[in-house]
Structure formats: C-alpha cells, structure tokens
Amino acid sequence: MAEAERITDIGPPHYSKFLPPIIKENYGKWVSHEILEPGVLKHVAESGAELYSVRVASPRIITTIRAREICDVADKFCDGYLRFTSRHNFELLVTDKAKLAPLKEELAKRGWPIGGTGHSLTNIVHTQGWIHCHTPAIDASGIVKSVMDDLFEYFGTHQLPAQVRISLACCLNMCGAVHCSDIAICGVHRTPPKVMHDKLRHLCEIPTTIASCPTGAIRPHPDKTLKSVIVNEERCMYCGNCYTMCPAMPCFDPEKGGVALLVGGKVSNAKSPPMFSRLAVPWIPNNPPRWPEVVSTIRKILIKYAEGANKYERVAEWIERIGWEKFFEVCDIPFTFQHIDDYKFQAYDTYRTSMHFKF
Amino acid sequence: MHKTPLLDQLESGPYPSFVTDLKRLLPTKPQVNDLLGQLERSYKEKITHWKHGGIVGVLGYGSGIIGRYSDLPNEFPGLEHFHTMRINQPSGWFYTSAAIRELCDIWDQYGSGVLNMHGATGDIVFLGTRTEELEPCFQALARKGFDIGGSGSAMRSPSCCVGPARCEWSCYDTLEACYDITQEYQFELHRPSFPYKFKFKFSGCPNDCVASVARADCSVIGVWKDDIRIDQSAVKAYAGGELKPRGGGSPYAKLDIQADVVELCPTGCMSFDGSTLKIDNRNCNHCMHCINLMPQALRPGTETGATLLIGSHAPILEGAQMSWVIVPFMEMEPPYDNLKEIAGNIMEWWAENGKNRERVGELILRLGMRNFLEALGLPPVPQSIKIPRANPFFFWKDADFEAEAAGKKYYTTK
C-alpha cells in the first residue's frame with residue numbers, strides 16, 4: 001500500500017506562493033528602475049509602488065546554517081521574502097524604504113557584501129570541481145573565492161566600462177557559462193587517457209566510447225580477444241569525453257592539468273550580437289589553494305580592459321574594436337600555436353582572410 | 001577532525017568563504033568533516049577523489065539524482081555515498097523564508113546540510129546523501145510541494161529570468177511560461193526518453209538574463225513588434241544630467257545621448273536634435289542598448305511576444321553552439337499551445353532521428369535546416385540566418401519542382 005501513497009510528478013511549487021504582496025499587486029506593471037547605489041535596486045510601478053532589492057554576494061555552496069541565517073534577515077527586514085539571481089547572488093526584497101539603512105547595517109555586521117549591479121564584476125557562475133565531480137581538471141569553489149577576493153573592489157562599485165561576467169567550468173564540458181562570458185576560466189587536461197585494458201570490457205560500452213571522441217582518436221583494440229580500445233595519442237586533445245563515457249579511461253595528471261582562460265563572450269544582444277568566448281591563455285598551472293598565476297592574469301586582463309575600453313563597451317566589443325593582435329599586445333599575453341583553431345571546418349572562419357591587421 | 005591547512009587559507013579575504021561556512025556543520029554533520037578532508041587531499045594532490053559515475057535514483061523516476069562515491073571510502077567513510085539531489089526550483093528563484101526553512105529541515109534530516117543555491121540549470125542542489133535516504137527525502141519534499149528536477153537524457157528543469165515580477169522590460173510572463181512548460185513535460189523531465197538532454201530557458205527580453213541563447217536547446221526570448229515607448233521629458237532629463245545613465249549603475253555621471261546612445265545604436269536608426277529623440281522603429285533590431293541606458297525614458301513596445309531560438313549547447317561533441325532563430329515572433333499567452341506544438345514537433349523529430357547523445361542543435365546541422373523546418377511545418381525566413389550561403393551546393397527536391405509547376409516563383413521581374 002505504501003506505493004499508492006507516493007507523491008510524484010507534482011513539479012515545482014507555483015511561484016505565486018512566494019511573491020511578496022507588492023509584486024503580486026504590480027506584476028507586469030513596472031515602469032522603470034534605478035540603481036540607487038551598488039547592490040541596491042529600486043523598481044517603480046504604474047501604481048507608484050516602490051520595491052527595493054538589495055543584492056548580496058553568495059559563494060553558491062552554502063550550508064543549511066547559512067540558508068537559515070539568510071531567512072532570519074529576510075524575516076526581520078523583508079517580511080520573509082527573498083529570491084536568488086541567475087548568477088547565484090541572493091536578493092532581499094524590501095518594501096519599506098526606512099528599512100534599507102538598518103538592513104545594510106545588519107549585512108555589514110554579518111560580513112555579507114552587497115553589490116553585483118550595473119557596471120560591476122558580479123558573482124562568478126561556477127561548477128562542482130573537486131568538491132563533487134569526477135571529471136574536473138581544476139577545482140571550482142577555491143578558484144572562485146581567490147579571484148573574487150582579489151577583484152573584490154569591483155563587486156561593490158560601478159567603476160568598469162560595462163558589466164563584466166566571469167565564469168568558471170572545471171572541465172570542458174563547460175557546465176554553466178564559460179563559452180559565453182567576458183572572462184572565462186576553464187579546466188583543461190593535457191594528457192591522453194590511460195586505457196585500463198583489464199577493466200574496460202567490464203565497465204564500458206565500446207561503441208559509445210568510440211563515438212564519444214570528437215577527433216576520432218579512439219578505435220577498437222586490434223587484438224580482438226582483448227575487447228578494449230586504443231587511443232591514437234597524436235589525435236587526442238584530452239577533452240576527457242571518453243572518460244565521461246567509460247570509467248576505464250582516466251586522463252588526470254596533477255601537474256599537466258590546469259587552467260585555460262577565455263575572453264570576449266557575451267549573451268546579451270545590446271549593441272553587438274551574442275558572442276563566444278575565445279582562447280586567451282592556453283594553460284596556467286593548478287596552484288591551490290590560491291591559484292596566484294590565474295588570479296594575477298585575470299586581474300591584468302580586467303585592468304587593461306578597464307583602461308582601454310570605451311564607455312559601455314563589453315570585453316568582446318573592446319577586443320573586436322582594437323583587434324586581437326592588439327589584445328595580446330596590451331595584455332602582454334604570449335600568442336602560441338594553441339590559439340590558432342584547428343578543429344574541423346570551424347577553424348577556417350577564424351583565420352584572417354584580409355589585409356586588415358595592425359603591426 | 002581532519003587537518004585542512006590548505007583550505008584554511010581560503011577563510012581569509014572579503015568574499016564569503018565556503019570553507020568557513022562548511023566548517024560550521026562539523027559539530028552536527030560528521031560527513032562534512034570527511035568532505036573537507038577529501039577536498040584538502042584533492043588540493044594537495046591536484047586531482048579529484050570522486051569515483052566515476054554512479055547510478056542511483058528514486059522509485060518511478062530515471063532522473064534527478066547524481067550518484068557519487070568517494071574513491072577513498074576507508075579514509076573518508078562519510079563520503080562512501082555522497083549523492084546529489086536536484087530539486088526543481090520555483091520560477092524566478094522566488095522564496096519565502098518559511099519555504100527555505102522547510103527545505104533546510106528536510107535536508108538536515110536526510111542529508112549533509114550542504115546546498116548549492118543554485119545549480120547552473122536552476123535546480124536547488126542538495127549536495128551529499130546516502131542511497132537509502134533518497135526515497136524518504138524525496139517523499140518528505142513532495143509532501144511540502146517540491147519535486148525532483150531533471151538529469152540524464154531527459155528534459156532538464158526549465159528556468160527563467162525575473163520577468164514581469166520585477167522588470168519593466170519583460171515582453172511576456174516568463175515565470176508562468178516556465179512553470180507551465182515544466183508541468184507540461186513532467187513525464188519527460190522525470191523519465192529520460194530522449195537521445196540526450198534538452199533544456200528550456202525563458203528570458204523576458206533580448207538582454208537574456210538567464211543566458212538562454214547559450215545555455216538552452218530551446219531558447220524563448222521576449223521581444224516586441226511595435227514602437228519603443230519614449231517619454232521625451234525624461235529624455236530631456238537624461239540630456240540635462242538630472243537622470244543618470246543606466247539607472248545610475250555606471251561610472252558616468254551624465255549621458256551623452258548623441259555619443260552614447262545614437263552613435264552606439266547598431267542599426268543607426270536613432271537621431272537626437274538636442275531635445276527630441278527619434279527612433280525609426282522599422283529599422284530597430286531590438287538590441288536593448290538605448291533602453292538599458294535610459295530606463296526611465298524608454299520602454300519596449302506593447303505588441304509583445306517572443307522569438308524562438310533552437311540548438312545551443314556546450315562544446316562536446318561538435319563544438320559549442322548558440323541558439324539560432326527559427327520563429328522570429330510568436331505570441332506567448334497561456335496555455336502556450338503554439339509553443340507546445342512546436343516544441344512537441346521538435347522533440348518528436350529529434351527522438352526519431354537523433355543519434356545517441358546527439359543534442360538537437362547537432363542533429364539539425366547533420367540533417368540540414370530544411371529537413372528540420374519542413375518536419376516542423378515552418379517556412380524559411382531571412383531572420384533565421386545572418387547571411388545567405390556563399391557556396392553553390394544547394395539541393396532541390398521534387399516538391400520544389402511541383403511547386404514551381406504550380407506557379408511558385410524564385411525571382412521577380414519588376
């Protein structure tokens with residue numbers, strides 16, 4: 001009988017259960033907004049109603065203890081209403097303007113930074129890393145903490161030419177937004193998988209393993225009695241997708257794995273169309289717990305962008321205007337064979353078929 | 001307690017420290033001691049210590065739980081099982097403190113007390129529990145009105161921007177569309193039946209605050225067809241410096257309407273004579289730049305709906321794709337039958353033709369846009385391309401010759 005009582009397929013609760021009354025009353029009737037100061041938004045409705053949202057930094061991984069503390073603050077200042085953003089900050093929704101100052105005091109007392117609005121560097125969209133995933137080449141939370149500590153001055157201020165989105169993915173599955181961010185941190189392997197021939201036939205489907213390789217580097221083992229695969233190491237670019245499909249093909253190497261940086265992606269349509277991020281730095285070593293080389297390289301790129309970009313220009317638009325050859329020059333980043341695309345026909349579109357370049 | 005000298009270094013600095021927060025669970029959650037211990041080991045060795053894969057779930061579902069086992073279970077027994085549960089978030093990530101407390105009570109009872117708020121697809125992530133706790137935890141959640149989200153070769157949990165709940169630019173009700181579509185596809189979400197994963201994301205305007213163009217197989221982005229609404233007195237206030245550009249969110253004290261708005265407009269369809277702003281709306285491409293900079297003077301039009309784009313995914317296998325336009329404009333009104341009809345046709349065509357682990361965007365490239373559009377009954381429109389093909393390798397079908405015989409023209413003579 002127990003089975004009959006099981007509840008399934010109810011989906012998420014309807015959002016209307018969680019909307020503050022001011023939002024229910026003015027739903028779809030907002031006319032404008034202002035950013036009163038970094039981290040504080042004011043929305044005005046047709047009715048004249050005003051809603052204040054205070055945006056607070058979060059490391060995304062939080063404990064139930066922290067979640068309950070957030071609830072305590074929401075109860076005290078926001079009648080218990082809050083939301084999270086698409087970049088994993090949280091927002092406290094205030095209807096009584098008089099509560100803004102004491103709320104900000106409370107947040108300061110707790111050491112919870114506010115910001116992430118307008119032309120700031122907001123939260124870093126990131127992934128699981130060594131805390132929960134089996135395919136990462138780098139950690140996620142540790143690098144994010146290190147980068148945000150270093151660039152913290154940009155979180156709670158509006159001093160950049162435009163908003164800057166940094167994202168991190170711990171392998172090139174690129175969970176999240178690495179392929180479409182102003183600056184992106186991506187974990188990369190640099191060693192081909194080591195095939196565990198004795199285990200492979202027990203653990204893996206050989207055809208799906210072969211089909212998982214973008215460069216066709218995997219084929220059945222020539223010794224038919226072995227029921228395994230071999231890797232043409234010259235064709236392997238260490239994506240790790242075969243390991244995703246087949247546990248007998250690990251490709252981890254603590255010293256050779258590391259961080260690639262990409263730049264110049266965006267998703268919004270403002271001015272220019274959405275763009276992919278492009279390779280800026282092919283490899284930086286993993287150096288826990290603070291990844292100093294990653295942190296300083298990102299800082300350098302961000303500062304050169306802030307100095308060189310025009311008003312309202314995203315990183316992608318700045319680079320497109322000055323040219324990639326100038327980007328490498330001003331950021332003092334060595335240009336290498338790894339930067340030149342050689343993946344199938346997509347590569348051709350990235351070559352310069354013109355005399356339009358700078359020395 | 002495990003010693004964590006490397007992780008301890010991540011407790012300093014102004015940004016909230018996940019290490020400091022996790023350590024607070026040590027008195028009540030011994031498994032978090034092991035989580036920090038294993039993470040410290042990973043920091044020392046620069047390598048993950050999670051075993052490959054793991055297939056676990058709850059009765060009746062094939063989706064939503066990510067199994068995980070430590071490869072050092074003797075050293076870190078609390079991580080022998082450390083599975084993740086994805087819990088479908090409410091649209092727009094709105095909560096009451098009461099709802100979050102209920103979630104915390106359940107997770108403290110059945111799991112590690114560690115959460116991700118939120119996963120990149122949108123789910124509430126319960127991080128770390130044992131196999132035997134999955135079923136009772138799920139049912140405790142269900143009794144409070146929460147269901148499990150998606151994983152595997154299934155519909156994943158749809159997500160949406162804040163939309164009309166708190167944004168004056170939202171061109172349709174993203175929250176309701178997201179909720180409605182999530183409910184419509186409960187079976188597909190919980191029971192993987194596709195060639196691979198399939199994601200929906202809903203953005204209210206072309207600013208695309210949930211990044212749907214890059215992170216959803218099916219991207220629904222709000223747009224308007226009529227004129228941008230202009231409040232000329234507010235335009236004057238921007239010109240005079242009484243109103244700050246970008247709502248005050250930029251380093252710039254005053255907006256230079258000619259340089260910052262008119263000259264940065266990608267289509268050059270605006271003009272400003274010092275007091276009146278004019279927009280040639282027929283040539284506007286709805287990029288949002290002018291509206292973003294002057295939120296108190298400009299608003300999207302009122303004839304609103306959405307553009308439907310298809311195909312984005314990350315690099316594996318054939319290289320990253322962003323979604324491209326297949327329907328330039330559709331109305332977005334509950335119960336969204338027009339969207340459901342197209343989405344249903346997409347899924348059917350993909351399920352029929354897709355190879356194992358082939359995203360729908362890759363399938364369309366393999367079989368061609370024409371086959372895809374014909375399967376959906378959609379006409380070819382210039383909005384779906386950036387530029388026509390340069391090569392002469394185009395196909396003709398018998399149907400083309402039949403249409404031609406019936407009077408279809410490819411050219412005009414006037």
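This is a predicted model: local features need pLDDT of at least 70, side-chain atom pairs count only at pLDDT 80 or more; totals for chains, interfaces and linings use all residues.
1. Chain B and chain A bury about 10,900 Å² between them, with 59% of that area on carbon and sulfur atoms. Buried area here is the accessible area, taken with a 1.4 Å probe, that two parts lose on being put together, summed over both. The size of an interface is often given in this way, as the accessible area lost when the parts come together. Within chain B, the residues that lose the most area to chain A are Tyr15(B), Lys46(B) and Arg166(B), together 9% of what that side buries.

2. Residues are numbered from 1 along each chain as its sequence is written, chains are lettered from A and ligands numbered from 1 in the order in which they are written, and side-chain values use heavy atoms, with hydrogens and water left out.

3. How many residues of each chain take part in the contact? On the chain B side there are 126, and they are in contact with 123 residues of chain A; contact means heavy atoms within 4.5 Å.

4. Polar contacts also link the two chains: 72 residue pairs are counted between chain B and chain A, both residues being at pLDDT 80 or more. A polar contact is a pair of N or O atoms within 3.5 Å; within protein, one must be able to donate a hydrogen and the other to accept it, and residues adjacent in sequence count only if both atoms are side-chain atoms. Helix α4 (residues 97-110) of chain B gives the most to the side that touches chain A, with eight residues. By class, that side of chain B has 63 nonpolar, 38 polar and 25 charged residues.

5. Side chains of opposite charge can pair when their charged atoms come close. The rule for a salt bridge asks for a side-chain nitrogen of Lys or Arg within 4 Å of a carboxyl oxygen of Asp or Glu. Inside chain A, Glu106(A) and Arg110(A) meet in a salt bridge at 2.8 Å, N to O; both lie in helix α3 (residues 100-110), four residues apart, about one turn of the helix.

6. Strand pairing occurs between the chains and within chain A. Strand β5 (residues 81-84) of chain A and strand β3 (residues 94-96) of chain B run antiparallel and are joined by three bridges, where Leu82(A) has Tyr95(B) as its bridge partner. In chain A, six bridges join the antiparallel strands β1 (residues 30-37) and β2 (residues 40-45). These two strands form a hairpin with two residues between them, and Gly39(A) in the turn has a positive phi of about 95 degrees.

7. The peptide bond from Met117(B) to His118(B) is cis, with omega near 5 degrees, and His118(B) is in the loop between β4 (114-117) and β5 (124-127) of chain B. Another cis peptide bond joins Pro334(B) and Pro335(B), with omega about 5 degrees. Arg60(A), although not a glycine, has a positive phi of about 70 degrees.

Conventions: Ala, Val, Leu, Ile, Met, Phe, Trp, Tyr, Cys and Pro count as nonpolar, Asp, Glu, Lys and Arg as charged, and the others, Gly among them, as polar. Two strands pair if DSSP finds at least two bridges between them.
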